[in-house]
Amino acid sequence: MQLALENMTKSTELEDTYQDAASNVLVALCRYSWREVAQYLETELLTGVFPHRSLLYVMGILYSQEELLNKEDRRSWNNLLTQMATKSVPFLNIDVWSNEMLWTLTKPSQTQQDQNPEKAFLFTYYGLILQAEDNSANVRTHVRALLDTSHQWPKQREGIALTVGLAATRHLDDVWAVLDQFGRSTPIKWSLKSFSIKGFEDLRWKWASSTILLCYGQMAARAKTRILPWVDNILSRMIFYFRDSSWDETLKQSFLTAILMLVAAISRSEGAHSYEFSQTCELMQCLMVLMEKEQQDSLCTASRQQAMQVISSLCALRPPMDTDRKSRLLSTCLHSVLALPLMDTLEKHTCLFLEPPNIQVWPMLYSQTMEALDHMLQSFMVQSPTGDELYFLLSHLNCWLASEKTHERQRAAHCCLTLLKFSNHNMYCRTKGYFRQIGQLVAMLGIVCQDPDRTTQCFSLEAVGHLYQILVHHKTGDSSQEEREIPEQLSQLDVHGDSLGSSEDQPDTCSISPEITSQKDSIFQLSSSQAIKAVMTYLSRADLDDLIWIFVENLGSTSPFRVEAAADLLLLVVQEHGAKLMTVTNIGRAIYHHICTIRIPQAKENILRAITLLARNHTPELVAAFLDFSVSLDSHAFCLWRALGAEQPVSHLVLATLLTWLQKRTLPPSDSDSSSDPKKAYLYSLAAMNTIHELQFAREYKKAMREAYPQLLLALLAQVHFTLELTVLTGPQAGLQAKETVTPSPQRCSTSLEALKSLLSTTGHWHDFAHLELQGAWEQFNSMSTYPQAVGLLARAMVQNGCRETKAVLCQLLSSLQSQQERERKTAMLVLTEFLYSPTLLEVLSKQAALTVLAQMLQDPGPEIRVTSLQGLGNVLFHPGKEILLRGQLSSFLDGFFQNSESVVVGIMGMVSDVLHRLGTQGAGSQSLSVAVNARSFFDDERDGIRAAAMALFGNLVATMAGQDLSALRAQVYQSMVPLLLHTKDHCPAVTTQAKFAFYRCAVLLRWHLRYTLFCTLAWERGLSARHFLWTCLMTHSQEEFSIHLAQAISYLHSHHHYIKTWAALFIGYTTCYHPKAVSQVVNDVDTKLLLCAFKDLKKDPEPGIREFATRQLSFFKEMSARSNK
């Protein structure tokens, strides 16, 4: 010991190194006899002369190295040091000693980043001396002198703050006053506004505000029980210097260190939980700014971790944070941590730093940062252990669960699991009462359970398990107060479990910890779908609605896996609890908007299947929802409608609901009535019309359409009338108003008419469709003035074709006659007057009942209905003698056919047709032959109107002969077939139309086969193939009249009408191709010459097919002419 003492102060070439070696010998002796060494040190320290550096070195080592002394000796040493400081108080008044103290404290070290032991001890010793000083003025003088030294180096600032803090232990008011005065000094004011380094003086004061922050932190740490009244003042100063100082890493770290010391002091105070602090909100704002300024692509310091530790501590203080501030704080912290790049990326970024940090500490630093984040979330949960708070916290993680980056989703899932596990194990959220928004929590986690990343899946699935257990206990209320133990220090809780670590350290697969799998509840062993299904059993109807809405919203996600997961879970919810859902209408609308963007077949299939299942219990709601986007039906909407009616019982209900909407036909108000919405009143009716039209072609609705045919027929007829009313109402400006109100009038009329057409064609009533198509009667539905005739023609076609639905339609129209809407009564009455000619009528109504119905309708407020009813009362059904009277007039009418006036003849032929119609199934009787002969005689009249009227009359006559003896008229019918066929190419459109219709009626009367194909060919086909088919039909069914047909065709070669002449030549050509011998026997020389001329003309026809056909036939007839000449 003596040797060490002698060499400690010896001056050599080695200077401090030699002295430190000797001092270390003395330090080593302390392990065995520290009291003797301490006695020597005390003696040297209290001589009144400032101690030698080596002495301070030994004191610093003894003070800083805890392992040199055991706990008891350490306690004794600290007491001795306090006593020495008390005895050193008089030295403060010795200028030499004081100046030496300041000089030693401010003397530059060899390495300014590391503080030597003697200086570290001296800061502490100086503080203890000032603490023991009773003279306040003396304390203020020394504290200010210390503060006026340089603040350039970190250890210097920390030492100054330590000294000031120790002095404040007994002199809090004095130290506060000195710091306040120092903060107002010119150098500090200058440093607060400085943003550039100008020289040494600048560096001395540049970080003075950081020293002040550390001083306030040390003051708070030493204040002990007196801290609470000072907290707000100290915080206000800290916040001021944080905001007004130049931002750099030094300021940030000093602020965090000071705040940590402050909150630690507050947490040690017994009354902190009942004390209301006024500066916590401002402090939170500063912490948010600090987190936002952290570099997002690097993690080199513990700043994030420290900031979140402060936030965790502040959670327990009053007043509690408001929801908006807490939300911003959570968002900032989550973004700062969860958005950090992967470890490999962090390494690449930090390699570019001038002083790269130690990469070996990164995993630990990252892990500690994540733990701080988890601890912060748990702290919020502890302060408000409710279901609302749990949802609030987890909802802020939802956007991260939906991140496109795998590692961000993985981290967010880990946070969810940690928080839920903590809440579950500590029995939070288990109090009875309404657990709001639990459905949204389940949905959030359920989607991530199907994440493509296996680790994220496992985290989420285990989180669902903990949420399930929370729900079970919450619903059953089996958690007692004795079971609930809130931990004193959240940081000591193992809330992560062995299976959970940092996301970068996770392997490709993860397993549930044995601790969990051994639990009685097997929720953690289920698959994701099974787990979600189990959780749903504890959800209320409102929760289920929240749950399904999250799934629906995620259908619009840009992430394919989220879309697939949402579709899977949507189907699962509907399968299990579809009947309980309450907001199905809005759900249906939302699904449509999302399904338009989905390109994943399986997801779309699941969505459509979910719609099918929902329809079992919510058909009216879904129909109402889908009508919103069915005014103009696209392919996506059509898919939804098909899914809606995929099951047969539901398809009938869907159609019935659509019919109900279709019949809600309220005309829009006039322009002067601006108080009501002009759209809603009738747009749904138009949408229902469009939908019915499209669904007629869907196989899912085939059966329902057939069974609902009577209702649909009358409803669509009334709908056509409704669209005509809209057209009249909107007038010529309809097209201009379409963008603001509805689709243009022509389109509305077209759609309603097309719906009526397709109803006939898709439900097996093509015969009725053919009648109107071949007559060109559909056009009459486009005008209000011709609407009654159009409806009458359709009803007449049904009667003449013996429609099998006549009885059902009759029953339906009887109820329509009682409708509140005039258009429905009008339509029903128009149909009924035509049905009076049907034998089926008397199966539904007796003659007297029919008379009663018609008589009652005479009282209808609609004049058109009264007129129609009056016409019905004049039917021959009620006046049998009228048949004889009408037949008696026929001969006079037939004489009128030979008048010179075309209009008169056409009128008379029309009257004869009307008489035939009024006679109904009784027909013209014995005068039928005369009518047929006279009508046929005008088929080739040069006047277009008379030709058309004659063919129409002949067709009407043929229609009355159905089911009667044809022996008298058979020859007339066969002899009319070729003229009618050839006139299908007449130059007059009216003649063409009547020729086609009469030809078809004759084919029906003669019961030809392939009548549907015949109708299609007559109606729409053009070209040689169509003509060949028509020739085939005629010649196949009338072989006995071969020579007559051929002779008639030859006679038409003299026609002045080019098209008829061409058709006649083609007819003969087809006959020649298939029956050359028969033609050779029938045709004479004159006919042959005529044929040669005809086919020579056809060689000049503009159609290539006809020219080629004429060339072949011409060679045949040349050979035949040559043979006849021989």
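This is a predicted model: local features need pLDDT of at least 70, side-chain atom pairs count only at pLDDT 80 or more; totals for chains, interfaces and linings use all residues.

Trainee: What does the secondary structure of the protein come to?

Mentor: The protein has 56 helices and zero strands. Of the contacts in the protein with a separation of 6 or more, 75% are accounted for by residues 24 or more positions apart.

Trainee: What percentage of the residues in the protein is buried, and how much accessible surface is there?

Mentor: Of the 1126 residues, 55% are buried. The accessible surface comes to about 49000 Å², and carbon and sulfur atoms hold 52% of that surface.

Trainee: How should I read the largest nonpolar core, and which of its residues touch the most other members?

Mentor: In soluble globular proteins, nonpolar side chains tend to be buried together. Here the largest nonpolar core has 382 residues, and the members that touch the most others are F255, L287, L570, L644, L713, F781 and L813. Helix α29 (residues 601–627) gives this core its largest share, 14 residues.

Trainee: Which residues is F255 in contact with?

Mentor: Once neighbours within four places in sequence are set aside, F255 is in contact with L213, M238, F242, L283, C286, L287 and L290. One of these, L287, is also listed among the core residues that touch the most other members.

Trainee: How is the burial of a helix read, for instance that of α22?

Mentor: Helix α22 spans residues 438–448, and eleven of its eleven residues are buried. They run from I438 to V448, and include G439, Q440 and G446. The buried residues of α22 pack against α20 (387–401), α21 (406–425), α23 (454–476), α25, α26 and α27 (560–577).

Trainee: How many residues of α37 are buried?

Mentor: In α37 (residues 766–775), seven of the ten residues are buried. These are W766, D768, F769, A770, H771, L772 and L774. G776 follows the helix, and its phi is positive, near 70°.

Trainee: Where is Y538 found, and why is it classed as partly exposed?

Mentor: Y538 is found in the loop between α25 (528–536) and α26 (541–554). Y538 counts as partly exposed because its relative accessible area is 25%, and that class lies between under 20% for buried and over 50% for exposed. Beyond its neighbours within four places in sequence, Y538 is in contact with Y468, L471, V472 and K475. Y538 and I438 are 100 residues apart in sequence, and their C-alpha atoms are 9.8 Å apart.

Trainee: What is T762 in contact with, leaving aside its neighbours within four places in sequence?

Mentor: T762 is in helix α36 (residues 745–762). Its contacts of this kind are Q696, F697 and K702. Between T762 and Q696 there are 66 positions in sequence and 6.6 Å in space, C-alpha to C-alpha.

Key
Residues are numbered from 1 along each chain as its sequence is written. Side-chain values use heavy atoms; hydrogens and water are left out. A nonpolar core is a set of buried Ala, Val, Leu, Ile, Met, Phe, Trp, Tyr and Cys residues joined through side-chain atoms within 4.5 Å. Buried means under 20% relative accessible area, exposed over 50%, partly exposed in between (1.4 Å probe, protein chains only). Helices (H or I, at least four residues) and strands (E, at least two) are DSSP runs, numbered from the N terminus. Contact means heavy atoms within 4.5 Å. Accessible areas come from the Shrake-Rupley method with a 1.4 Å probe; for residues, only the protein chains shown count as cover.
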